[in-house]
Amino acid sequence: MVACLLILAILTFAASAYAGYRIADLRLGGNPATVQSQQVQAPQRQSSQDGSNAAVATPGKPETILLIGVDQRVPDEPSRSDTIMLAVLDPQKPGVDLLSIPRDTRVKIPGHGYDKINAAHAYGGPRLLMDTINDFLGSHVDKYVEVNFQGFQKIIDILGGVDIDVDKRMYYPEENIDLKPGFQHLNGYDALAYVRYRYDPEGDITRVGRQQKFMKALIDQTFKLSTIPKIPQLVSEISKDVKTNLSVKEMLSLALSMKGLNGSAVNTYTIPGEGKYVGGVSYYIVDQQKLPDVIAAIPNLR
């Protein structure tokens with residue numbers, strides 16, 4: 001699916017809190033101490049699929065959040081995760097580290113043996129996907145944001161679209177994808193086509209790179225002042241199509257840590273590997289020699 005779904009939901013949550021911060025900052029002469037009572041209402045916290053609630057984050061602590069994109073047509077139906085990314089945010093530095101995990105990555109899923117990592121979500125939702133990633137990377141991720149195709153398209157339209165340089169002709173009528181190359185303004189429908197297109201010679205890795213490029217453009221669009229009047233509609237829409245175990249307090253903390261963020265402050269990484277067939281099935285096989293260097297390049301991944 002879409003790597004930009006990875007951070008779209010968290011950006012919208014953050015924007016809702018950030019809008020209140022900016023409004024209060026403008027009205028009160030730049031005094032953030034008085035902001036807390038004037039925040040725009042954020043979406044209500046949701047419980048994770050295993051019934052537990054997320055703990056309140058310690059202020060100033062780096063956070064790693066699993067971002068999931070799913071092509072879920074019916075509510076609560078078992079579905080594979082089309083996009084899997086880890087967003088690492090550190091309040092002490094102005095930026096976000098994004099680690100993409102190709103959906104066909106061959107890993108061991110607890111209780112199910114070796115399979116493509118995107119199957120973990122179908123077997124056990126966000127909880128099993130987090131457990132799989134933690135076993136795979138040695139991490140301790142316990143926060144997630146999940147959004148579906150329909151939510152992505154609607155939210156992009158509410159934002160007013162995104163400017164992007166389409167690098168090549170993208171035509172696949174079976175999925176209603178028809179984009180011409182060149183710099184252009186994409187609405188929600190065409191943006192979804194752009195990030196979903198997967199018919200590249202290099203396979204999913206090219207699509208991941210395209211999604212990361214779109215992500216940076218999306219961040220620039222989300223944090224424009226022109227987004228502030230759209231916040232109530234964004235919050236209303238995203239609450240229908242997004243699942244998360246982040247609390248409102250955590251979302252506010254993330255929003256303030258992302259204050260002033262722009263696309264150039266986003267560092268993107270991808271799990272190293274290559275496509276291979278195992279038992280007649282196409283997988284993305286991780287390069288175990290290069291993987292430690294990628295993980296080490298993201299010091300706050302936990």
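**Salt bridges and a buried histidine**

A search of the whole of this predicted model finds ten salt bridges.

Me: How many residues apart in sequence are the parts that Arg198 and Asp82 tie together?
Reply: The side chains of Arg198 and Asp82 meet in a salt bridge, with 3.4 Å from N to O. Arg198 lies in the loop between helix H4 (188-196) and helix H5 (204-222), whereas Asp82 belongs to strand S2 (residues 81-89), so the pair ties together parts whose separation in sequence is 116 residues.

Me: Is Lys143, which meets Asp142 in a salt bridge, buried or exposed?
Reply: The side chains of Lys143 and Asp142 meet at 3.1 Å, N to O, and Asp142 is partly exposed, with a relative accessible area of 32%. Because buried means under 20% relative accessible area, the 5% relative accessibility of Lys143 makes this residue buried.

Me: Which residue do salt bridges that share partners join with Asp82 and Arg198 into one network?
Reply: Another salt bridge, between the side chains of Arg169 and Asp178, has 2.5 Å from N to O, and there Arg169 is partly exposed at 38% relative accessible area, as is Asp178 at 43%. In the network built from salt bridges with shared partners, Asp82 and Arg198 are joined with Arg103.

Me: Which side chain does a polar contact of 2.7 Å join to that of His121?
Reply: His121 has its place in helix H2 (residues 119-137) and counts as buried at 5% relative accessibility. Leaving aside neighbours within four places in sequence, His121 is in contact with residues including Ile68, Val70 and Ser79. The polar contact of 2.7 Å joins the side chain of His121 to that of Glu146.

Note on methods. Residues numbered from 1 in each chain as written. Predicted model: local features only at pLDDT ≥ 70, side-chain atom pairs only at ≥ 80, totals over all residues. Heavy atoms only, no water. Helix = DSSP H or I, 4+ residues; strand = E, 2+ residues; numbered from the N terminus. Buried < 20%, exposed > 50% of the residue type's maximum accessible area, 1.4 Å probe, protein only. Polar contact = N/O pair within 3.5 Å; in protein donor to acceptor, adjacent residues only side chain to side chain. Contact = heavy atoms within 4.5 Å. Salt bridge = Lys/Arg side-chain N within 4 Å of Asp/Glu carboxyl O.
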